[in-house]
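Trainee: I have a structure to go through with you. Could we begin with how a contact is counted?

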Amino acid sequence: MASGDASRNMKVATGVLAFMSSLSLTVSPVIAANYGGFGSKYTAVIDPKEAVLNPDTSSSDVVKEGIEGLKALKSSIKALQDDLAKDSQMNLVARLKSDFKIGEMRTTLNKFNTAFSEETQLASDRLIRNFLQDVTELQRESIIKEGKTRADTKLKAINKRLSAAAATLDELSSFYPN
């Protein structure tokens, strides 16, 4: 029996050792990017005050067109927010299709973007993509089925998306000095 007890003790010891080994392998610190001073910063995020203008293009007519287009987009978003506050059941789909054509907006914002150095364009490109995504989502969220009314939760989602789009355009315009 001594041989059986030794064998059983050996199996228990091996099991305990295996269990303890697995704990040491699975319990390790999790280090997420940009948390607690660990990791690194995102490459496409810079402070607008640190934006670098491209001296060759920053005062060109193309950039001036982009600036005017950006101002027009900002006022269109503001007008849409005001109109939606007056009439929560307004037909947003037609308005979005006429005022917010993705291709035209992309062209306009890319004209604005040529004012900056390549490094700054990484950050402003991210903002442009965010804005275009907000408009795309807004177009999807604004659809109302025939004979239905817009629910409060849908209205809140639309207003949240409009606010996000406005904030993104404000941040984008802050890259260019006045």
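Mentor: Contact means heavy atoms within 4.5 Å. Please keep in mind that this is a predicted model.

Trainee: Which residues is Val62 in contact with, leaving aside its neighbours within four places in sequence?

Mentor: On that basis, Val62 touches Lys111 and Thr114. The C-alpha atoms of Val62 and Thr114 lie 8.1 Å apart, while the two residues are 52 residues apart in sequence.

Trainee: And where is Val62 found?

Mentor: Val62 belongs to helix 2, residues 61–86. Its relative accessibility is 39%, so Val62 counts as partly exposed.

Trainee: Stepping back, how many helices and strands does the protein chain have?

Mentor: There are six helices and zero strands. Of the 178 residues, 27% count as buried. Among contacts with a separation of 6 or more, 75% are between residues 24 or more positions apart.

Trainee: Now the packing: at what angle do helix 5 and helix 6 pack?

Mentor: Helix 5 (residues 118–141) and helix 6 (residues 152–173) pack at about 160 degrees, and their axes are 9 Å apart. Angles over 145 degrees count as roughly antiparallel, and therefore helix 5 is roughly antiparallel to helix 6. The crossing of helix 5 past helix 6 is left-handed.

Trainee: Which residues make that contact?

Mentor: Helix 5 contributes residues including Leu127, Phe131 and Glu137, and helix 6 contributes residues including Ile158, Arg161 and Leu169. By class, the contact has eleven nonpolar, three polar and seven charged residues.

Trainee: What is the accessible surface of the protein chain?

Mentor: The accessible surface is about 11,900 Å², and carbon and sulfur atoms account for 56% of that area.

Terms used:
Residues numbered from 1 in each chain as written. Predicted model: local features only at pLDDT ≥ 70, side-chain atom pairs only at ≥ 80, totals over all residues. Heavy atoms only, no water. Axes fitted to C-alpha atoms, helices over the stretch in contact; angles between N-to-C directions. Helix = DSSP H or I, 4+ residues; strand = E, 2+ residues; numbered from the N terminus. Parallel < 35°, antiparallel > 145°, perpendicular 65-115°, else oblique. Left-handed = near helix turned anticlockwise from the far one by under 90°. Nonpolar A, V, L, I, M, F, W, Y, C, P; charged D, E, K, R; others polar. Buried < 20%, exposed > 50% of the residue type's maximum accessible area, 1.4 Å probe, protein only. Areas by Shrake-Rupley, 256 points an atom, 1.4 Å probe, with all protein chains shown as cover.
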